[in-house]
Amino acid sequence: MSKNLVIIPTYNEKENVEKMIRKVFSLKTPFHLLIVEDNSPDGTAAIVKKLQTEFPEQLHILERKGKLGLGTAYIAGFNWALEHDYGYIFEMDCDFSHSPDDLERLYKAAIDGADVAIGSRYISGINVINWPLGRVLMSYFASMYVRIVTGMKIMDTTAGFKCYRRKVLETIDFEKIRLIGYGFQIEMKFTAWKFGFNIVEVPIVFTDRKEGTSKMSGGIFNEALWGVMKMKIRSWFREYKQQAEETERREKGSRQ
């Protein structure tokens, strides 16, 4: 059994889902796939189920009753991954804006010591293709805003292409994660950072989707804008000592 699980939430991705599944399974590193499917009316689930006959051990589907939010989709996937004993859990989009080839690079970063490896658009300049300038600027300055509010040094705070070591997801209490849209990506990074986990950014090139419809909206950014401030305030009343102290002991040991 592969120790690597890639979680991909889907809603109306019939144009992309089969190509994505086949591409991930063609990689040198073995990955399993969990499709978290939100009852797409376009038949995405039927495509995945048909492919399960071809990839019965590698391909899994978790069906939900409707479009319940990106954050809840990933949390459902994380819980499934922990229940099924995966050691490295990845998250990525289905629309090829995240290149499946970069899964190998995120995995290497995790093997080399990252607790959270982030596929970063902004760690080596601005590496975004086919986005209008306004959206690039909004995304870039959103990350800057998050860094100012939270104190994190992460350049791409809104990135949705990541690899978690199992221990990170075991440490985070998902019931305390409040943001369910793209703010979820920020809150997960912030929580991992507060616990003292080692977060590494891996430079990637992000390419806007060529097929299907974008799920981005102004409401998503509004949630992130106000949610980040509320998240920071909530953090003042939480304790994050356990993992931070463990990390400090590990670093002291490596220096001795």
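Modeller: Let us begin with a cut-off: a residue is buried under 20% relative accessible area, exposed over 50%, and partly exposed in between. Please bear in mind that this is a predicted model.

Biologist: Why is D102 called buried?

Modeller: D102 has a relative accessible area of 11%. Buried means under 20%, so D102 is buried. The residue D102 belongs to helix α4, residues 102–111, and it touches F161 and I204, leaving aside residues up to four places away in sequence.

Biologist: What makes N39 partly exposed?

Modeller: The relative accessible area of N39 is 49%. N39 is found in the loop between β2 (32–37) and α2 (44–52), and its phi is near 60 degrees, a positive value in a residue other than glycine.

Biologist: How do you know that F96 is partly exposed?

Modeller: The relative accessibility of F96 is 28%, so F96 counts as partly exposed. F96 lies in the loop between β4 (88–91) and α4. Although F96 is not a glycine, its phi is positive, about 70 degrees.

Biologist: Why is α3 called oblique to α7?

Modeller: Helix α3 (residues 70–83) packs against helix α7 (residues 183–194) at an angle of about 50 degrees, their axes 8 Å apart. Angles under 35 degrees count as roughly parallel and 65 to 115 as roughly perpendicular; α3 is therefore oblique to α7. By class, their contact has six nonpolar, two polar and no charged residues.

Note on methods
Residues are numbered from 1 along each chain as its sequence is written. This is a predicted model: local features need pLDDT of at least 70, side-chain atom pairs count only at pLDDT 80 or more; totals for chains, interfaces and linings use all residues. Side-chain values use heavy atoms; hydrogens and water are left out. Axes are lines fitted to C-alpha atoms, for helices over the stretch in contact, and angles run from 0 to 180 degrees between N-to-C directions. Helices (H or I, at least four residues) and strands (E, at least two) are DSSP runs, numbered from the N terminus. Angles under 35 degrees count as roughly parallel, over 145 as roughly antiparallel, 65 to 115 as roughly perpendicular and the rest as oblique. Ala, Val, Leu, Ile, Met, Phe, Trp, Tyr, Cys and Pro count as nonpolar, Asp, Glu, Lys and Arg as charged, and the others, Gly among them, as polar. Buried means under 20% relative accessible area, exposed over 50%, partly exposed in between (1.4 Å probe, protein chains only). Contact means heavy atoms within 4.5 Å.
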